[in-house]
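Trainee: I'd like a close look at one part of this protein and how it sits among the rest. Could you walk me through it slowly?

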Amino acid sequence: MVEKVVWTQTAYSQKLEIFEYWNQRNGSTGFSQSLENDINSAIDLLKKFPRLGIKTQLEDVRVKIIKNYLLIYKTTKNTLYIRYFGTLDKTQKI
């Protein structure tokens with residue numbers, strides 16, 4: 001079981017940018033709060049079952065889909081590293 005979750009600076013910034021977009025678009029924080037709850041629920045599940053996400057070609061790197069967003073993470077023995085959070089944009093390097 002994973003004991004620690006670490007967001008990379010990039011992934012955390014991506015999450016905040018998405019929240020800011022929805023806050024401005026909707027004029028409220030309701031959707032962002034709902035998305036944050038969904039993210040936290042997914043992370044709690046991944047902590048118990050780290051291999052739950054979709055396998056990638058990279059060793060120990062998996063993808064969890066949350067609403068219309070991708071959470072790309074890598075696991076080690078005790079840590080879940082969140083490397084990317086956002087939509088799939090083919091021009092971005094992950």
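This is a predicted model: local features need pLDDT of at least 70, side-chain atom pairs count only at pLDDT 80 or more; totals for chains, interfaces and linings use all residues.

Mentor: Let's start inside. The largest nonpolar core has 17 residues, and those touching the most other members are Leu-35, Ile-39, Ile-66, Leu-71 and Phe-85. Helix 1, helix 2, strand 4 and strand 5 each supply at least two residues of this core, and helix 2 gives the most, with five. In soluble globular proteins, nonpolar side chains tend to be buried together.

So let's zoom in on helix 2. This helix runs over residues 30-48, which makes 19 residues. From first C-alpha to last, helix 2 reaches 28 Å, close to the 27 Å expected at 1.5 Å a residue. Its buried residues are Ser-32, Leu-35, Ile-39, Ala-42, Ile-43 and Leu-46. Look down the axis of helix 2 and these buried residues fall within an arc of 100 degrees, so they line one face of the helix. And what covers them? The cover includes strand 1 (4-7), helix 1 (9-26), strand 3 (61-66), strand 4 (69-75) and strand 5 (79-86).

Next, the charged side chains. How many salt bridges does a search of the whole structure find? There are two, so let's take them in turn.

In one, the side chains of Lys-15 and Glu-36 meet, at 3.4 Å from N to O. Lys-15 lies in helix 1 and Glu-36 in helix 2, so this pair ties together parts that are 21 residues apart in sequence. Are the two partners buried or partly exposed? Lys-15 has 6% relative accessibility, so this lysine counts as buried, the cut-off being under 20%. Glu-36, at 22%, counts as partly exposed.

In the other, Asp-38 forms a salt bridge with Lys-67, and the closest N and O atoms are 3.2 Å apart. This pair also links distant parts of the chain: Asp-38 is in helix 2, while Lys-67 is in the loop between strand 3 and strand 4, 29 residues apart. Asp-38 is partly exposed, with a relative accessible area of 28%, and Lys-67 is partly exposed too, at 38%.

Terms used
Residues are numbered from 1 along each chain as its sequence is written. Side-chain values use heavy atoms; hydrogens and water are left out. Helices (H or I, at least four residues) and strands (E, at least two) are DSSP runs, numbered from the N terminus. The expected span of a helix is 1.5 Å times one less than its number of residues. Buried means under 20% relative accessible area, exposed over 50%, partly exposed in between (1.4 Å probe, protein chains only). The arc is that of the directions from the helix axis to the C-beta atoms. Contact means heavy atoms within 4.5 Å. A salt bridge is a side-chain nitrogen of Lys or Arg within 4 Å of a carboxyl oxygen of Asp or Glu. A nonpolar core is a set of buried Ala, Val, Leu, Ile, Met, Phe, Trp, Tyr and Cys residues joined through side-chain atoms within 4.5 Å.
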